[in-house]
Amino acid sequence: MTQYPLRRPHPLGVHPGYEHLREKCPVAEVGSPYGPAWLVTRYADVVAVLADPRFSRAAAATQDDGGILLNTDPPEHARLRRLVVAHTGAAGVERLRPAAEAAASDLAQGIPVEAEFLSAFAEPFSHRVLALFVGQLVGLPHQDLDPMATVLTLARVPDGERAAAFTELHRRLRRQVDEETLAVVCNIIFGGHAAVVAALGYCLLAALAEPLPRLAGDPARISEVVEETLRLAPPGDRTLLRRTTEPVDLGGRRLPAGALVVPSIAAANRDPDRPAGARTGRHLAFGRGPHACLGMALARMELRAALKALAEHAPGLRLAVDAENLRRTCEELSVSPLAAIPIRV
């Protein structure tokens, strides 16, 4: 039996076994870190899983999978989204773009000659933009959200220090919103930071292949690089897990009630039969259906602002090691953050 996930041969690659499954057995029984499951690899089938209410997110969730917003099904999920959705669209995000671009420029100009990209740029940039975004969401100046950086950092922090920062962050947010809205905001904070830091690393690898200086002054090409990187290296599959609430026919297979289903966006995004043209048709990095990512407009803005700043202010940036030697933090997800990206400027 195939064991999921299949190891990736390159940071922007995918195991050839996904292509084989998509062509020969698009809904396959596999072993997984979550137990026996059905791996779905064809674009149309993945979209069906994400849109069909018979595939329940709540029934598949585990305790560490993201909290109240992610782990509920409609109509409860739709009610929770309405608590914050007015602030997460393109108009709200556009108001933050000048400040985000300024933060990216500041950080890009300050990268040392030899550095590690995630700690020197990706993490602090994500912290700054999230503070701006959450501050706008809850009605606080971004300076009041400084504890967020200690809570979210991937760097080692003494447990007591991180716990104290979380307590203080929770106290400040709780003054502004009720407990239910606070839980949704925390989902956005924790999920958004991890996904953007991971995506920034992969976008850097893609941008360096352009090479990077050619992106300066070309916002359309920057947008294309971002979208193509999201297609090739989406955030991962764990939070997309579903469990059937009744027997369901999918991809020529009969799935029993209670079956665990893994819709693989990494495989679906490479399906030659996927729609082409429109941005939303090219990839499923932000999901689809009722659980489509609330932060997609913010993430796109952050990634574009970051590449713009790097191309303009750090055009000589390059990897200090071969890309093939970069390692992810774990293999559980189809894509996870790179553990470190040594760079020179």
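These legends describe close-up views of a predicted model. Local features need pLDDT of at least 70 and side-chain atom pairs pLDDT 80 or more, while totals for chains, interfaces and linings use all residues. Residues are numbered from 1 along each chain as its sequence is written, and side-chain values use heavy atoms, with hydrogens and water left out.

**View 1. The largest nonpolar core.** This core has 78 residues. A nonpolar core is a set of buried Ala, Val, Leu, Ile, Met, Phe, Trp, Tyr and Cys residues joined through side-chain atoms within 4.5 Å. Buried means under 20% relative accessible area, exposed over 50%, and partly exposed in between (1.4 Å probe, protein chains only). Phe117, Phe121, Phe125, Val134, Leu310 and Leu317 have the most contacts inside the core. Elements giving two or more residues include helices H4 (90-109), H5 (117-138), H8 (179-208) and H12 (296-313). H8 gives the most, with 17 residues. Helices (H or I, at least four residues) and strands (E, at least two) are DSSP runs, numbered from the N terminus.

**View 2. Leu317 and its contacts.** Leaving aside residues up to four places away in sequence, Leu317 touches Ile111, Leu204, Leu208, Leu212, Leu310, Ile343, Arg344 and Val345. Contact means heavy atoms within 4.5 Å.

**View 3. A second core.** This separate core of 18 residues includes Trp38, Val40, Leu50 and Phe55.

**View 4. Glu114 with Arg344.** The two form a salt bridge, their closest N and O atoms 3.6 Å apart. A salt bridge is a side-chain nitrogen of Lys or Arg within 4 Å of a carboxyl oxygen of Asp or Glu. Glu114 sits in strand E5 (residues 114-116) and Arg344 in strand E11 (residues 342-344), so the pair ties together parts 230 residues apart in sequence. Glu114 is exposed, at 57% relative accessible area. Arg344 is partly exposed, at 33%.

**View 5. Arg172 with Glu168.** These side chains meet in a salt bridge (2.6 Å, N to O). Both residues lie in helix H7, four residues apart, about one turn of the helix. Glu168 is partly exposed, at 23% relative accessibility.

View 6. Asp52 and Arg54 meet in a salt bridge through their side chains (2.8 Å, N to O). Arg54 is partly exposed, with a relative accessible area of 29%. Elsewhere, salt bridges that share partners join Glu76, Arg79 and Glu180 into one network. The count of salt bridges comes to 18.
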